[in-house]
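Open the model in your viewer and keep the sequence panel beside it. Each stop below names a selection, then says what is there.

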Amino acid sequence: MTLLAFLFLLTLVPAGCLRSRHPPKAASDPVFGPREVHGVKGGSVTVKCFYPPTPMNKHDRKYWCRQKGSSCLTVVSSNFVAAAYQGRVTLTDHPQENHFLVNISALEMSDAGTFQCGVGINGRGLSFRVTLSVAEAPPVPEDAELFYVKLRSTWTVTCSFGKETVEMKKYLCKKEKDGCRNIINSYQDKDVPGGLQLVFEDPPGSFRVTMTQMDWEDAGLYYCGAGDYEKDDPKKELDVFIYEDKNFPHFKTNITGKVGGSASFECLYDPLLNASSRFWCKQKGRQCGTTIIDNTGRVEDSYEGRVTVFQNPENKTLTIILNQLQEKDNGTYWCMSNQLREQQSSTELTVIPGEPSLTGKKVVKAQAGSRVNLTCCYPCKYYSYEKYWCRWSNTGCAMLPVQQQLGLPQPGDACKPNARTVVLSLDPVAKEDEGWYWCGVKHNGVFGETMAVELQVSAGEDAKLSPEFLDVDSSHDSAAVPPGGAHSDAEVRKGAAPESSDESQGSNTLALVLGPLAGLILIAVTAFAIVKYRQLKRSDLVSVGSYRTNISMSDFESVRDFSASNSAKETHETSMGGD
């Protein structure tokens, strides 16, 4: 019976309570202001009240009223000022910054009390309660600094306590019932949670803390300080409010990639302000380590060919792709900006063993003037995705013309297991084509997995040299690139059987015949060179193809006459010229 009663009570509990331990505060109280404001008699105070960035709120009535019992008497609104406050109270709206300011001057002791700042014509949930205290004389407590932060966005705060605190520990902690829980401090160099940074700034004694992926439970009171929170060391109160903006993009906070594969990171994008910068880095300790890539085209040397940025201005995002993943790539990566700090974000990357989805030859060697094909094999899960090849450089990865890409699927085609290859053809390839090429997939405009290929191009003249003109071993091992370049029957038919023994014996017989013949030719050439020695002084330097040699102009005449006489009958005599 007791069990049945318990189950009945569970059915009465609202579903929202079961779904989340931290219900959305913004759903019932989206307007936010200071909990307490302190002023001194005869002085002034300014109250800042935030409201959700909706078109209706930007144009709706803003007000500041004094609470009295169950009602709230308007002191000032967008188009009204109460008679008792004429000349000493103003309300200024800043719709682009999603807040309005209420300024009260010539404070009197009677001005103290409980007030509300809000949006609309009544309370209807769009209001916030503020307590105003007025002291007879200074000093008065410092008011908390307010922060109105979007759900899953980034919060950045800068605290400064003077150069006398340079050697003291800097910290950020969150106020809780049993004290102030440490979030991050300057003595931490290890075990810093991902998505947190603490960096020192100018002037001396200043520091900045950045927290990404703010959630509902991150709302509350914080303290930044120098020294220890428990002692009478300098500190500052920070009041953080979290609200939900349904138009704010939600990015992945954790990404998994496979060794040898790639990972895509998304960052917020807005046109940069003057003299501002944007860069991507990997966290090291309590701050970013070396910058990997930035908006000026600088790429860290160890990441050459591995990282690039694609801009997506239509949906206000940046895609950063890191490929050729290694186990040492594990860690937290940051999208950073020196001015647009609200666009900063962090993502945790985990690299695991496994086979990447895109496969192909990662290093291709070719000779200039030949034809080379770069191949990229993909699984059927990517069959309907857009495929592309691009050429990597420090400033990005430029898309290559579709005409150069073979094997692209056509609408209505089925995924054939033996034809899932996209080929980039370079015909002929030139020395300037050397570098990195990326094969990748896109789906609904979102960049997915990539594979990088390094193309190495050797000088084309080497391929035209005949072995008898070179003082090198002209034999080729099985791994050497064929003279026709990377695209040849030897490479295409990787599974073909080796040459038969008959062909091998034929080659040996041919070598036995040509060997003595070559010796006779060498003797004849030597004799010819001795006789011709006296003619060298009046010879001319002539370029024949890619080679240069000394040939007497009379030799050409002799060869011409010799060819003409040989058209009738064969002779063993050699014309020696006109000596």
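**Before you start**

This is a predicted model, in which local features need pLDDT of at least 70, side-chain atom pairs count only at pLDDT 80 or more, and totals for chains, interfaces and linings use all residues. Residues are numbered from 1 along each chain as its sequence is written, and side-chain values use heavy atoms, with hydrogens and water left out.

**Stop 1: disulfides**

Select the cysteines. A disulfide here is a pair of cysteine sulfur atoms within 2.5 Å. The count comes to 9 disulfides.

Start with Cys 49 and Cys 117. Their disulfide has an S to S distance of 1.9 Å. The link is left-handed, with -100° about the S-S bond. Cys 49 sits in strand 2 (residues 45-50) and Cys 117 in strand 8 (residues 113-119), so this pair links distant parts of the chain, 68 residues apart. Strands are DSSP runs of E with at least two residues, numbered from the N terminus. Cys 49 and Cys 117 are buried, where buried means under 20% relative accessible area, exposed over 50%, and partly exposed in between (1.4 Å probe, protein chains only).

Next, select Cys 380 and Cys 415. Their sulfur atoms are 2.0 Å apart, forming a disulfide. The torsion about this S-S bond is about -95°, so the disulfide is left-handed. Look at the loops: Cys 380 lies between strand 27 (372-377) and strand 28 (386-393), and Cys 415 between strand 30 (405-406) and strand 31 (421-426). The pair therefore ties together parts that are 35 residues apart in sequence. Cys 380 is partly exposed, at a relative accessible area of 36%. Cys 415 is partly exposed too, at 24%.

Move to Cys 390 and Cys 397. The sulfur atoms of this disulfide are 1.9 Å apart. What is its handedness? The torsion is about 85°, so the disulfide is right-handed. Cys 390 and Cys 397 are both buried.

Now pick Cys 377. This residue is in no disulfide, and the nearest cysteine sulfur, that of Cys 376, is 6.9 Å away. Cys 377 counts as partly exposed, at 30% relative accessibility.

**Stop 2: aromatic rings**

Show the side chains of Phe, Tyr and Trp. Rings (for Trp, the six-membered ring) pair if their centres lie within 6.5 Å; planes under 30 degrees apart count as stacked, over 60 as edge-to-face and the rest as tilted. There are 21 aromatic pairs by this rule.

Select Phe 310 and Phe 447. The ring centres are 4.1 Å apart and the planes at 10°, so the pair is stacked. Phe 310 belongs to strand 22 (residues 307-312) and Phe 447 to strand 33 (residues 446-458), so the pair ties together parts that are 137 residues apart in sequence. Phe 310 is buried at 8% relative accessibility, and Phe 447 is buried with a relative accessible area of 8%.

For a tilted pair, select Tyr 378 and Tyr 383: the centres are 6.3 Å apart and the planes at 35°. Both of these tyrosines are buried.

Then select Phe 32, Phe 50, Phe 128, Tyr 148, Phe 241 and Tyr 243. Ring pairs link them into a cluster.

**Stop 3: charges over rings**

A charge sits over a ring if NZ of Lys or CZ of Arg is within 6 Å of the ring centre and within 35 degrees of the ring normal. Lys 62 lies over the face of Tyr 51, 4.8 Å from the ring centre. Lys 235 lies over the face of Tyr 229, at 5.3 Å.

**Stop 4**

Switch to cartoon. Strands pair if DSSP finds at least two bridges between them. Find the open sheet of 3 strands, in the order 11-15-14 with antiparallel pairing. Strand 11 (155-160) and strand 14 (196-201) stand at the edges with a single partner strand each, so one side of each is left without a neighbour in the sheet. Strand 14 and strand 15 are joined by 6 bridges. Among the residues to check is Phe 200, whose bridge partner in strand 15 is Phe 207.

Finish on Val 209, in strand 15 (residues 206-211). Val 209 is buried, with a relative accessible area of 1%. Its contacts (heavy atoms within 4.5 Å), leaving aside neighbours within four places in sequence, include Trp 155, Leu 172 and Ile 184. Val 199 is 10 residues from Val 209 in sequence and 6.7 Å away in space, C-alpha to C-alpha.

Terms used. Helices (H or I, at least four residues) and strands (E, at least two) are DSSP runs, numbered from the N terminus.
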